[in-house]
Each structure stands twice: as structure tokens, then as C-alpha cells.
Amino acid sequence: IRRLSFDLRGLPPTPEEVAEFLGDERDDAWDQLVHHFLSSPHFGERWARHWLDAAGYAESDGGSLNDPTRPYAWRYRDYVIGSFNQNKPIDQFFQEQLAGDEMIQGEIDIYNPEHESLLAATGFLQMAPDATRTSNTLMDRNNAVSETLKVVSSAMLGLTVGCAQCHDHK
């Protein structure tokens, strides 16, 4: 129970959970325990960390001396945690992050939870280091796009494409 709890939730089991499991004599006690841990909100928190690392999640723009904060980055973080807790299919998860704003039918209603979620999902495209809020030169804009492409390709394709920034050969 301890290993399972750490693996699925990143937390130790409570003494009550241990006692309940040890006292459970049903044939499917283990299956019930796995289901209990998978349905915990801590499951999404634990496993979303891996995706947030791949996505370059940060609460600041990064890369500059005057590093402005991203005050709404938490919305993307919460979207990822919620997606893991909902067991969202990976293709839908990727699609929402790349084009969630385009998936909204009709007028955008920020008070509609589905619209809010789709808009938060596109925060993925803003996770790369971006100096354009403090220095909006052509070079900074190109670097921001380049860093975004690196994050998208490495997180979603498992490929690095940074070399394509300078090279165009096979």
C-alpha cells in the first residue's frame, strides 16, 4: 500500500487507509485500493508534474534579468492536473493545447467552464522562455517562436528540432 500510494499519488498512505486495507478481506481489495488512489485528486497532481516539466511550465517569462511573472500560468497548470484526473485521451489533450481556442464553437464565453478549459489549455504555447514583454525586438520575437517550437516538438513528438533553426539539410 505504501509503494502504490507513493507511485500513484506521490504521498504516503494515511494510517486509516493502511488499517482499512489490512482489514479488507474481499478478493478485490487490491483492485479497490488502486481505484481509490487513481480517483484521488493527488493522482493528477503527481503525474501532471512530468508533463509540466516537458512543457517547460514556469510562472515567469524566463531568460531575462528582469524576469516578469506570468500571473495566470496557474490556469494552465490546473488544466493539466484536471486532464490527468479526468483520464483525458492523449490526442484530445494534445489537440486542446495546440488549438483549444479554435475548438470553441461560436462566441467565446469566459464563464463557460468548457471554454475556460480550452482557453487555459493553450497556455502550453506560452510556456517557452519569452523576452518579448521586456524587449520586443525582431530577434526576441524569433527566439520566442523558436523556443515554442522546441517545446512543442520535444514534448509532443519526442524530437528535437532546434538544429533546424540554423540548418536546412537532411
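User: Which residues line the second largest pocket, and what makes a residue count as lining?

Analyst: In this predicted model, the second largest pocket is lined by Leu38, Phe43, Trp51, Ser83, Phe84, Asn85, Asn87, Lys88, Ile90 and Phe93. The elements giving two or more residues to this lining are helix 4 (41-55), helix 5 and helix 6 (90-99). A residue counts as lining because it has an atom within 4 Å of a point of the pocket. The space in the second largest pocket is about 200 Å³.

User: Which element gives the largest share of the lining of the second largest pocket, and how does the lining divide by class?

Analyst: Helix 5 gives the largest share, 3 residues. By class, the lining has 6 nonpolar, 3 polar and 1 charged residues. Lys88 is one of the lining residues, and Lys counts as charged, whereas Leu, Phe, Trp and Ile count as nonpolar.

User: What makes the link between Glu96 and Lys88 a salt bridge, and are the two residues buried or exposed?

Analyst: The side chains of Glu96 and Lys88 meet at 2.8 Å, N to O. The definition asks for a side-chain nitrogen of Lys or Arg within 4 Å of a carboxyl oxygen of Asp or Glu, and therefore the pair qualifies. Both Glu96 and Lys88 are buried, a term that means under 20% relative accessible area.

User: Why is Asn87 called exposed, and what is its phi?

Analyst: Asn87, found in the loop between helix 5 and helix 6, has a relative accessibility of 65% and so counts as exposed, the cut-off being over 50%. The phi of Asn87 is positive, about 55°, although the residue is not a glycine. Most residues other than glycine have a negative phi.

User: How much space lies in the largest pocket, and which residues are closest to its centre?

Analyst: About 370 Å³ of space lies in the largest pocket. Its lining has 20 residues, and those closest to the centre are Arg70, Ala73, Gly123, Gln126 and Met127. Helix 5 (73-85), helix 7 (113-121) and helix 8 (138-157) each supply at least two lining residues, with the largest share, 3 residues, coming from helix 5. The lining divides into 11 nonpolar, 4 polar and 5 charged residues.

User: How do you know that Arg77 and Glu59 form a salt bridge, and where do the two residues lie?

Analyst: The side chains of Arg77 and Glu59 meet at 3.6 Å, N to O. This value is within 4 Å, so the pair is a salt bridge. Arg77 lies in helix 5 and Glu59 in the loop between helix 4 and helix 5, 18 residues apart, so that the pair links distant parts of the chain. Arg77, at 27% relative accessibility, counts as partly exposed, as does Glu59 at 42%. Glu59 and Arg77 also belong, with Asp78, to a network of salt bridges.

User: Which residues make the nonpolar surface patch, and why is Val161 called partly exposed?

Analyst: The patch, of about 460 Å², is made by Val145, Leu149, Leu157, Leu159 and Val161. Val161 is in the segment after helix 8 and has a relative accessible area of 33%. That value falls between 20% and 50%, and therefore Val161 is partly exposed.

User: Why does Cys163 count as exposed, and how far apart in space are Cys163 and Phe93?

Analyst: Cys163, in the segment after helix 8, has 52% relative accessibility. The value is over 50%, so Cys163 is exposed. Cys163 and Phe93 are 27 Å apart in space, C-alpha to C-alpha, and 70 residues apart in sequence.

Terms used: Residues are numbered from 1 along each chain as its sequence is written. This is a predicted model: local features need pLDDT of at least 70, side-chain atom pairs count only at pLDDT 80 or more; totals for chains, interfaces and linings use all residues. Side-chain values use heavy atoms; hydrogens and water are left out. On a 1 Å grid over the protein atoms alone, a cavity is a set of points where a 1.4 Å probe fits but cannot get out, and a pocket is an open set with protein on both sides within 12 Å along at least five of seven lines; lining residues have an atom within 4 Å of a point. Grid points are joined across faces, edges and corners, and a volume is the space filled by probe spheres set on the points. Helices (H or I, at least four residues) and strands (E, at least two) are DSSP runs, numbered from the N terminus. Patches are made of residues with over 30% relative accessible area and no salt bridge: like charges are joined within 9 Å, nonpolar side chains (Val, Leu, Ile, Met, Phe, Trp, Tyr) within 5 Å. Accessible areas come from the Shrake-Rupley method with a 1.4 Å probe; for residues, only the protein chains shown count as cover. Buried means under 20% relative accessible area, exposed over 50%, partly exposed in between (1.4 Å probe, protein chains only).
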